[in-house]
Structures are given as structure tokens and as C-alpha cells.
Amino acid sequence: MRAALAERDTWMRIAPHLVRPARFVIPAHADERPPWLLRLGLYLYDRLAPHGVLPVSATIDVTHHPIGNALKRPFGTAFEYSDCLVDDSRLVIANAVDAAERGAVIRAGARCVRADRLDIWRLAVIDRGHRQVITARSLANTSGAWTSSVAETVLRMPPSPRAAVVKMSQIIVRRLFETDNVYVFQNRDRRLIFASPYQRDFTLLGTVANKFKGDPAAVSMGADEVAYLCDAANRYFRERVDPSDVIRSVSGANMVAHPARTRLARDDSMTFDARRGKAPLLTMFGGDVTTSRLRAEHAVSRLTPFYPMSPRWTAHAALPGGDFPWAQFENEVERARERWKFLTENQALRLVSGYGSRLGSVLGDARDRADLGPGFGPELTGAEVRYLMASEWARFPDDILWRRSKLGLTMPPADREALAAFMARVV
């Protein structure tokens, strides 16, 4: 926990536009963990967190606080603590952009179909219909839920017996509360369910995790899982949430250390094979966003006997767009509105949240919205689409609407079709 909290502060420092502090609220429920236990847990949390970076935890009387407006009447006490929200999909892109600028070649959509291991790796890759052979001095299998299938079919090696595949699901509904807090609900099965402000007009509810078998590309949320999250929300919120209110469900599969080996999970989720006469093989799975940078740093350090490497540096180098102090985020939004006066406050907030100090690469010297080209939906413009295609490997509308943004939540079908036609014309 201490390492994770230190990493949280590292992300705030190197990606302040993508990792934003928030106050999380746990309403005390008479049927769940007693208040003294929650206080004790948050006391330890505060002691483990770096001192003076974010506010410490507090006890709140929700009957006289805006946090209580959305809650049912039986709740009188809640416990508030500090943590962060992250735009995880854009964090992935920021890392890829940073790597590309430092010399990496990013092949979005390419598929490795065979890997032969000698003193070097020879990889057979299908990229946009063309077969190529790529050589590498080492290989990392970091393919998430596909880790075992890649091991079996591409590397022709036995999969790790220490891993299991888990499906994680969330739902998006209308906005259920006015504050910017994240609610943390204790459910009957002792799971914690989060209700988070999402894309300004929505609420994200989750996560529910279950074992999964099947094709990770075809994962979907079951009706029972939707009902589970709705029931969890209805224990706390005044406004009822029904399955018919779900605007979108989000499901994904991931490989994690086998539940029977949770005490060893940290070691089990990474293996390094560097047998004599064979090129090194690194396999990683599981983990979370918070500690991903640290785990990657540890993994790469295993390769130091094989590569000349500089000292560790990623904890202090800002990711693209993140070269400003996290406490100055609102000032960055104001500067954007001063430079591009046609932006509304909400538009500037979305763009700075996505691109940070590199917003100029998207909007250029535009003097009004017409300079940005055609519009798609209420916010997306041709200029942003061109930037995402040229600099962030966007190839299809869903890349833009869901993987580089969440504008798919508000874009009408006709605009989606217009976007697809526009992207087909961009060379």
C-alpha cells in the first residue's frame, strides 16, 4: 500500500492532466463494517501516504453536507479520504506517444503469429495484410488476457499454471449526484462498489469481477452482473437505478495471479526466462494501473545484463502534455480558454484533460471553431480527428470515440457515419 500511494503521487507529478485528485466517500452502513474499523483503516491509509500531498481523511455528518443529498436518509455518517481518478485509456496512449518520441516503433493493429527463439527472436508479424519478419534481442509477452494463448500458439510454450482469467464489468448511467466526490459503497458480500462522476453528465458504477472462460475478445456483461451493480447502488442512492437505465456497459478480461496463490501474487505475475544460448523472455500479467510504471521499471531492470541502460528515469519525466504542476490544472484550462476564445469551459476542460499542455498540437492557431474543420457531435472536430490519426494511431471511429476519448456517449448515429466517411478520406 505504501508503494502504491507513492506511485499515485508519481502519476500526479508526471501526468497531471490524466491523473486527478478526488475525495472518496464511504457511507457507514449499519449492516456492514463497523465505523471504528473504517476509521482505523483510514488512519493507517493516512499514515502510509506521503505526507502533505493530499488532504487526510475526515469524518462527515452527511445530514448537513452536500455529500448526503444523493443518499437515502438512514445514512448519517460517512468517511472521506483522498485518492485519484485516472483516464486509463489516455494514459496508455500517453505512454505510447512518449515511447515513440524516444525511438520506439508502435505498430497498432499488427499481429504476431509466430515467434522463433534462438540467440535472438524472429517474429512473424501480420501488419495491414502484409507478412513481415522482425528480429529482437528480447521479447515481452504482456498481452493481458491473451497471455496464455500467446504462450501456446505463438511462442509454443506451456501457459503459466499460476494464472487465471477474470472478467471485470462496469455500467454507465445518468448522473446520480451533483458533487465531484466518488462514493464507495460496502455491499452485502463485502465487495466495495464505486460510483464515480464520469464524462460530466454520467455516473460510472463498478466494478464486479468474476472468473471467465472463453475468448477475451468476446467478453460481455451478463444481466446478473448489471442487476448486481444496480442493487448495490439502490442500497445507498435515493434515485433508483434499474437495468433499463444503463446507457452502456463496459467489460474486459484480464489475467491475474491464481486466487489460490494470492500471497505470492506479486512474484507470480512476472517471470523472466534467460536460459543459456536463448534470447530473454519476459512474461507479465495482472497488476493495476497505479503500480504499472513501477512494475515495468522492475521488469526492464531484469534486462540490464543484456542491454546498456541509463539509470531509472521514468518517475521524474513528464509524460506528453504533463509538464505542469498538478495543482495548476485549472490554470491550464484558463490558459486554453484565453488562447482559443471560442472554447466553452466544458470544451476546454475536456481537451486539457486529454492533451494537457500539448493542446496546441490539436487546435493549432485556430481563431474560431470553423477553422477546426467539420464537426462530429457536440465536441469532436476534424482537426482533432486528424491529430489522433496522425499522432495517436487512430484507424477506426471506435478508436476515437471510445479508445482515445469517450465521445461515443454523446455522438448521434448520423455523426458517427459522417466521422467514418471523413476518416476514410484522410490520407
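Trainee: Why does Leu-44 count as partly exposed?

Mentor: Its relative accessibility is 46%. Buried means under 20% and exposed means over 50%, with partly exposed in between; Leu-44, at 46%, therefore counts as partly exposed. The model is a predicted one, and this value is computed from it. Leu-44 lies in helix α2, residues 35–48.

Trainee: What makes the nonpolar surface patch that includes Leu-44?

Mentor: The patch is made by Trp-36, Leu-37, Leu-40, Tyr-43 and Leu-44, and its area is about 520 Å². A patch residue must have over 30% relative accessible area; Leu-44, with 46%, therefore passes that cut-off.

Trainee: How do you know that Arg-20 and Glu-330 form a salt bridge?

Mentor: The closest N and O atoms of Arg-20 and Glu-330 are 3.6 Å apart. The rule asks for a distance within 4 Å, so the pair qualifies. By this rule the count comes to 29 salt bridges.

Trainee: Which parts of the chain does the pair of Arg-20 and Glu-330 link?

Mentor: Distant ones: Arg-20 is in strand β1 and Glu-330 is in helix α8 (residues 329–339), 310 residues apart.

Trainee: Why is Arg-20 called buried, and why does Glu-330 count as partly exposed?

Mentor: Arg-20 has a relative accessible area of 19%, and buried means under 20%; Arg-20 is therefore buried. Glu-330 has a relative accessibility of 47%, which falls between the cut-offs of 20% and 50%, so Glu-330 counts as partly exposed.

Trainee: What makes Asp-273 a partner in salt bridges with Arg-117 and with Arg-275?

Mentor: With Arg-117, the closest N and O atoms are 3.1 Å apart; with Arg-275, they are 2.7 Å apart. The cut-off is 4 Å, so the pair with Arg-117 qualifies, and so does the pair with Arg-275. Arg-117 in strand β4 and Asp-273 in strand β13 (residues 270–273) are 156 residues apart, and the pair links distant parts of the chain.

Trainee: Are these residues buried or exposed, or in between?

Mentor: Both Arg-117 and Asp-273 are buried. Asp-273 has a relative accessible area of 19%, and is buried because the limit is under 20%. Arg-275, at 48%, counts as partly exposed. Elsewhere, salt bridges that share partners join Glu-7, Arg-293, Glu-297 and Arg-312 into one network.

Trainee: How do you know that strand β5 is mostly covered?

Mentor: Strand β5, residues 121–127, has seven residues, and five of them are buried.

Trainee: What makes β4 and β5 a pair, and what joins them?

Mentor: Strand β4 (residues 111–117) and β5 have six bridges in the antiparallel sense. Pairing needs at least two bridges, so β4 and β5 pair. Ala-115 stands opposite Leu-123 in β5, and a hairpin joins β4 to β5 through three residues.

Trainee: How many bridges does β5 have with β6, and what lies between these strands?

Mentor: β5 and strand β6 (residues 130–136) pair over seven bridges, in the antiparallel sense. Val-125 has Gln-132 in β6 as its bridge partner. The two strands form a hairpin with two residues between them, and Arg-128 in the turn has a positive phi of about 55°.

Trainee: What is the sense of pairing between β8 and β11?

Mentor: Strand β8 (residues 163–174) and strand β11 (residues 202–211) pair in the antiparallel sense, over nine bridges. Gln-170 has Gly-206 in β11 as its bridge partner.

How values were computed:
Residues are numbered from 1 along each chain as its sequence is written. This is a predicted model: local features need pLDDT of at least 70, side-chain atom pairs count only at pLDDT 80 or more; totals for chains, interfaces and linings use all residues. Side-chain values use heavy atoms; hydrogens and water are left out. Helices (H or I, at least four residues) and strands (E, at least two) are DSSP runs, numbered from the N terminus. Patches are made of residues with over 30% relative accessible area and no salt bridge: like charges are joined within 9 Å, nonpolar side chains (Val, Leu, Ile, Met, Phe, Trp, Tyr) within 5 Å. Accessible areas come from the Shrake-Rupley method with a 1.4 Å probe; for residues, only the protein chains shown count as cover. A salt bridge is a side-chain nitrogen of Lys or Arg within 4 Å of a carboxyl oxygen of Asp or Glu. Buried means under 20% relative accessible area, exposed over 50%, partly exposed in between (1.4 Å probe, protein chains only).
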